[in-house]
Amino acid sequence: MKKWIATLCAAVLLATSIFGLQGCAVNMELKDPDDYVPGDVDPEINATLRVAMLNTTQEEELMDDLASGFNVIYPNVDFEFTKLTTYESGIAQTIATGTKLDVIWVPDAYVTSLADQGLLYNLQNYMEKSEADGLFNPDDYQPAMMKLGQYKHGSDPDNTAQYFLPRDYSKIVTYINTSLVEQYAPDFDVQYYVEHMDEWTWDVMLDLCEQLQNGMANEQTKPRIVEAMWRWLILFYGLVQAEGGSYLDADGNPVLDEGFQNALNLVRDLIDEGYTTFDTNLTELNRFHSAQAVIAFQSRPYMATAVVLGDDLEILPFPAIGSDPKVGTGTTGYGICTSSENPDLAWEFIRYMMSENGQTVLSETGKAVPSMISLQEGENPGWKQFYSQYNYNHDAFVYAPERDVVMDYYDMLSSAEAKTHDDALRALFEAYWRQDGTTSMIDALDRYREAVR
């Protein structure tokens with residue numbers, strides 16, 4: 001069991017070198033992720049759960065709602081939230097400096113690398129105990145989402161250990177301001193595509209963009225046509241997969257093939273046509289929910305913000321690209337950190353997220369599509385009742401699951417190596433997608449290869 005500790009030390013050295021940490025001479029009291037005996041938790045326990053989470057407004061609101069529900073069962077548990085922006089390396093950095101974390105958000109692309117570094121409990125023992133107690137059944141959840149939390153995303157038949165549980169089901173969709181469409185592209189019928197979602201394609205979207213641009217031609221102050229967080233890697237991954245492209249080979253070396261380049265040009269063409277802009281630091285779609293953008297690409301949690309548009313909001317699937325459309329899809333997975341001082345309590349919180357009660361909390365907030373099958377299906381599931389007076393097209397959030405793709409190309413890398421690739425990829429975006437950019441495709445790809453060498 002020493003190998004994973006050595007691996008962690010090496011990863012921490014790389015990931016935290018900018019902070020001047022020396023070797024593993026830090027307070028990393030990590031427990032064995034496989035060798036543990038689950039215990040019971042006293043409902044009157046006095047404790048603090050330290051939860052590391054994605055740094056977004058929507059996630060903070062969701063976790064507050066779940067914490068409140070959990071406190072009904074465990075009233076004396078306090079929560080301390082750590083919000084990390086550079087999350088993948090931030091976990092290792094935070095642990096290396098001695099911070100104790102109990103529950104940690106796990107980006108589904110990183111489940112294997114974080115497990116390899118010994119940062120996550122293998123949840124199998126907890127799952128088996130709770131299943132024996134009648135408190136948890138893995139068959140209650142979407143199998144595809146469960147696989148996201150497994151080692152190598154469930155593709156390794158010799159090791160399908162579960163390292164996180166999938167709290168929700170989240171794919172990227174198209175948000176549309178129908179009022180702006182009516183104003184600037186009055187001949188375009190959004191409702192037709194609500195009723196015929198299979199016909200909503202990238203080419204149809206481009207046609208809408210052209211109509212909007214023509215309709216805005218005489219406007220001095222024009223709304224942006226498409227607002228998107230183009231640095232968002234899962235968004236770009238869907239484009240790459242739709243174009244049949246590859247990032248890395250089996251040894252973790254960059255491929256960056258024709259399909260990858262075609263995906264880059266899908267965005268570059270939008271920029272060149274004046275339909276969108278690459279914003280380096282964009283993390284919230286402020287223009288869209290301020291009625292200063294017509295189209296936005298985001299996932300379900302954004303619904304709670306976009307609803308400010310009221311009747312002017314509609315939702316379509318992500319536009320289909322080519323003959324084999326793909327869309328970036330994932331989940332908000334949570335696991336137990338091996339630095340936890342209260343792993344049994346951490347499990348109880350994760351199990352609460354996954355329970356019918358916790359999943360109902362998610363449904364009622366309207367900010368997430370639950371991963372529990374029984375709450376996701378049916379004629380009027382709770383998550384579809386969010387601002388039901390507007391009759392939004394909630395079906396877009398679960399449309400065409402065969403198109404779903406997840407970022408699984410980091411399975412062969414440590415999180416530190418994956419972070420290097422992430423940084424190089426975002427630098428590539430910055431070079432190639434800048435509004436006034438002069439970097440050629442060849443130069444941008446060469447910079448990427450050099451950065452990850």
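Five strands form an open sheet in the order β2-β1-β3-β11-β4, with mixed pairing; strands count as paired if DSSP finds at least two bridges between them, and helices (H or I, at least four residues) and strands (E, at least two) are DSSP runs numbered from the N terminus. Because β2 (77–84) and β4 (165–166) stand at the edges with a single partner strand each, one side of each is left without a neighbour in the sheet. Within this sheet, strand β1 (residues 47–54) runs parallel to strand β3 (residues 103–106), and two bridges join them; A52 has I104 as its bridge partner in β3.

Two helices pack on the sheet. Helix α2 (residues 57–73) touches β1, β2 and β11 (333–336), and its direction makes about 165° with that of β2. Contact here means heavy atoms within 4.5 Å, while axes are lines fitted to C-alpha atoms, for helices over the stretch in contact, with angles from 0 to 180 degrees between N-to-C directions. Helix α14 (residues 343–354) touches β1, β2, β3, β4 and β11, its direction making about 160° with that of β11.

The model is predicted, so local features need pLDDT of at least 70 and side-chain atom pairs count only at pLDDT 80 or more, whereas totals for chains, interfaces and linings use all residues. Residues are numbered from 1 along each chain as its sequence is written, and side-chain values use heavy atoms, with hydrogens and water left out. The average pLDDT (the predictor's confidence in each residue, from 0 to 100) is 88, and 91% of the residues score at least 70. Over residues 1–26 the pLDDT is below 50, and this stretch has 39 contacts in the model beyond near neighbours in sequence. Where pLDDT is low, predicted coordinates should not be read in detail.

Strand β5 (residues 168–171) is covered on both faces: D168 and S170 on one side, and Y169 and K171 on the other, are all buried (under 20% relative accessible area, with exposed over 50% and partly exposed in between; 1.4 Å probe, protein chains only). Two bridges join β5 to strand β12 (residues 369–370) in antiparallel fashion, D168 having P370 as its partner there. Strand β10 (residues 327–330) is likewise antiparallel to β5 and joined to β5 by two bridges, with G330 the partner of S170.
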